Amino acid sequence: MIAATSTYSAFAANAATTTTPIVFLIGEDPVRLGLVASLARPGGNLTGINNFTGELTVKRLELLREMVPGAARIAVLVNPANIAIETTLRDVQSAARVMGLQIQVLKASTSREIDAAFATFVRERPDAVFVGLDVFFISRRAQLVNLASRHALPATYPLREFAEVGGLMSYGTNIADTFRHIGVYAGRILKGAKPADLPVVQSTKFELVINAWSARMLGLTVPTTLLASADEVIE
């Protein structure tokens, strides 16, 4: 059995085998991507969890704008190696047009490129930063958060793990919960269930986590509306 914890690895695993069971964790509609025949009956050898990363883009921008009301220029950081980059950029740019925001896209797929991206941010001084969801970015979350803090850049992140290491705010699914779903499905498959018969799980719980200490360091006052709707406020 294969556990694929990104859209890229799901496609790679799917290309590698049509018989070995695959349980995926992705952020887009697996039917639209062609990974499964339907959500209720996936067919084939794949099933898993959709955590709706793409659908959360608009909400993340809205929350960032609420945290930084005067923000007009948003820098977007994405990984060009991520197979979902086009969808992410399309969603960000569409939402930005509706909100009247200017978007600057920078790309990074190595630690050095992250440093270079933030050097550009420092020169051009966007009002805030939107960090895309990416496995590599998750592994470099301390670097990303430290650079944003060092250069006094308000930033929104896709998972609570970023806020827990000092990131200003995050909005997304609970990754630990989704991994538990993967474990449950892996157990059922090992006991004889077929991926074709296991419905794709649609995430229903999304968390807003605010790091109040980081907000104070950035000179921001967290709106009471955000405090009231936050699932957790880190002091």
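Start with the whole chain of this predicted model. Take its contacts between residues at least 6 apart in sequence: 68% join residues at least 24 apart. The chain holds 11 helices and 11 strands. Its radius of gyration is 18 Å, close to the 18 Å that the globule rule gives for 235 residues, so the chain is as compact as a globular protein of that length. Now colour by burial: 50% of the 235 residues count as buried.

Next, select the largest nonpolar core. It has 29 residues. Leu77, Phe118, Phe121, Phe137 and Leu144 have the most contacts inside it. Elements giving two or more residues to this core include strand E2 (22-26), helix H5 (111-124) and helix H9 (175-190). Another core, of 28 residues, lies apart from it; Met67, Ala71, Ile85 and Ala95 are among its members.

Zoom in on Phe137. What does Phe137 touch? Leaving out residues up to four places away in sequence, its partners include Leu77, Ile114, Val131, Leu144 and Phe162.

Move to helix H4, residues 85-99. At 1.5 Å a residue, its 15 residues should span 21 Å, and the end C-alpha atoms are 21 Å apart, which agrees. Select its buried residues: Ile85, Thr87, Leu89, Asp91, Val92, Ala95 and Ala96. Which elements do the buried residues of H4 pack against? Show helix H2 (30-33), helix H3 (57-67), strand E4 (73-78), strand E5 (102-107) and strand E6 (128-131).

Definitions and conventions: Residues numbered from 1 in each chain as written. Predicted model: local features only at pLDDT ≥ 70, side-chain atom pairs only at ≥ 80, totals over all residues. Heavy atoms only, no water. Helix = DSSP H or I, 4+ residues; strand = E, 2+ residues; numbered from the N terminus. Expected span 1.5 Å × (residues − 1). Buried < 20%, exposed > 50% of the residue type's maximum accessible area, 1.4 Å probe, protein only. Contact = heavy atoms within 4.5 Å. Core = buried A, V, L, I, M, F, W, Y, C linked by side-chain atoms within 4.5 Å. Rg over C-alpha atoms; globule rule 2.2 N^0.38 Å.
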